[in-house]
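Please examine the sequence and the structure shown below. The paragraphs that follow consider a group of strands and then a pair of helices.

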Amino acid sequence: MNKQTVASLSGSDNYCKNFSWQYYGGSRSQTAVHPKSFLRNLPFSVIVCPLEGEYYLYYPEERAPRIYRTGEVLFVPPGRPHYVEIRRRCVLHHAHISLRLGFDLDITRLLDIPDRISGGHALSIASICAEMYLLEQDRDRDFSADARQLILAASLMQIFSQAGRLKNPAAMDNGLILRLSPVFRFLKSAFRQQISRKQLAVMAGFSETRFHYVFKQIAGAAPMEYLQSLRLSNAQKLLLTTDMPISQVAEESGFANPYFFSRYFREKIGFPPSLYRKHKRGFFFRQEPGDDESPRDGKSAPGFQADI
C-alpha cells in the first residue's frame with residue numbers, strides 16, 4: 001500500500017468531496033475468444049479481470065505482449081493506445097469506467113496506476129466489476145442500488161490510490177486547487193466554446209505564465225492541451241455511442257472546422273473519425289462455439305460495453 005498517496009488524497013477535501021464517476025459498461029463471467037484487435041485508444045479506463053485462461057495486452061512500443069492470468073487485473077488508462085487478444089477460451093469480468101476527482105480530473109491525471117494489479121487488490125477489483133455489472137442490469141433498481149454503485153466506485157478509487165502513486169505531490173495543494181476550481185468548472189461546461197489561455201488566467205487571478213505553470217502542476221497538462229483533451233474525449237464518446245455525422249460530432253465537441261477535427265483526431269488517436277467509428281464494432285466478445293454459460297451472466301451490458 002502506498003500510504004503517502006492514500007493520505008494525500010484523503011487529506012484533500014477539494015478532491016474527495018468532488019468525486020464523480022461514470023460506468024460505461026462491462027461484463028460478468030464472460031466466456032470469450034478475441035483475435036488481436038486493431039490499435040485502440042479509448043476515452044475511459046479499461047479494467048479486465050481474467051478468471052480462467054489468459055488475456056494478452058500489447059503496447060505499440062513493446063514487441064512482446066503482457067499476459068494476464070487468474071488473480072491479476074489489467075488496467076489501461078484513458079487515451080493509452082493498445083491492442084488486446086484472447087487466443088484461447090478465457091472467462092473474465094471487465095469494466096469500462098471513468099473515475100474523476102476534484103473538478104472533473106480523471107484519477108489517472110493524478111495517479112500512476114500500474115497496468116498489472118495482483119493480490120488482495122485484484123480480488124477486490126474483480127468483485128467490484130462483477131457487482132457493478134449486475135447492478136447495471138437491474139432495470140427495476142431503486143435508490144439503494146444507485147447508492148451501492150456509488151460506494152463501489154469510491155471503493156475502486158480507494159484501491160487505485162493504494163496501488164498507485166501520486167504523479168506530482170504539488171497537485172495536492174489546496175490553495176492552488178481552490179484558485180483553479182472555477183477554471184475546471186468552466187472548462188467542463190464550456191469546452192465547446194472558443195476559449196483562450198488569457199481568459200482562463202484572468203478567471204484564476206494569475207498572469208498567463210504563472211497560470212500555465214500552476215495549471216500543468218494540477219492537471220498534468222497545459223491549459224490548451226487539457227481543453228483539447230476534453231474535446232477529443234467528447235468526440236470519441238459521440239463516435240462510439242451515436243450515428244451523428246462527423247461534422248456534427250466536430251461541432252458538438254468544440255471543433256469549429258471539421259477538416260481540422262479529422263486531421264487532429266487522426267494525429268492523436270491513430271486513424272480518422274470514420275474509421276474509429278467503424279472499428280468500434282470490431283472488438284466485441286466472440287462467444288466460444290458451443291458454450292452455454294448462463295445468458296444472464298454471459299451477456300454484456302447494452303451499448304458498446306462489450307469492447308474489452
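Which residues of strand β3 are buried on one side and which on the other? Tyr55 and Leu57 are buried on one side of β3 (residues 55-58), and Tyr56 and Tyr58 are buried on the other, leaving both faces covered. Buried means under 20% relative accessible area, computed with a 1.4 Å probe on protein chains only. The model is predicted: local features need pLDDT of at least 70, side-chain atom pairs count only at pLDDT 80 or more, and totals for chains, interfaces and linings use all residues. Residues are numbered from 1 along each chain as its sequence is written, and side-chain values use heavy atoms, with hydrogens and water left out.

Strands (E, at least two residues) and helices (H or I, at least four) are DSSP runs, numbered from the N terminus. Two strands pair if DSSP finds at least two bridges between them. β3 pairs with strand β4 (residues 66-68) in the antiparallel sense over three bridges, and tyrosine 56 stands opposite isoleucine 67 in β4. Strand β6 (residues 83-101) also runs antiparallel to β3, joined to β3 by three bridges; here tyrosine 58 stands opposite tyrosine 83.

Attention now turns to the helices. The axes of α6 (residues 174-190) and α7 (residues 197-204), lines fitted to C-alpha atoms over the stretch in contact, come within 8 Å and cross at roughly 135 degrees. Angles run from 0 to 180 degrees between N-to-C directions. Those under 35 degrees count as roughly parallel, over 145 as roughly antiparallel, 65 to 115 as roughly perpendicular and the rest as oblique; α6 and α7 are therefore oblique to each other. Residues of α6, including Phe186 and Leu187, meet residues of α7, among them Leu200 and Met203.

Terms used: Buried < 20%, exposed > 50% of the residue type's maximum accessible area, 1.4 Å probe, protein only. Contact = heavy atoms within 4.5 Å.
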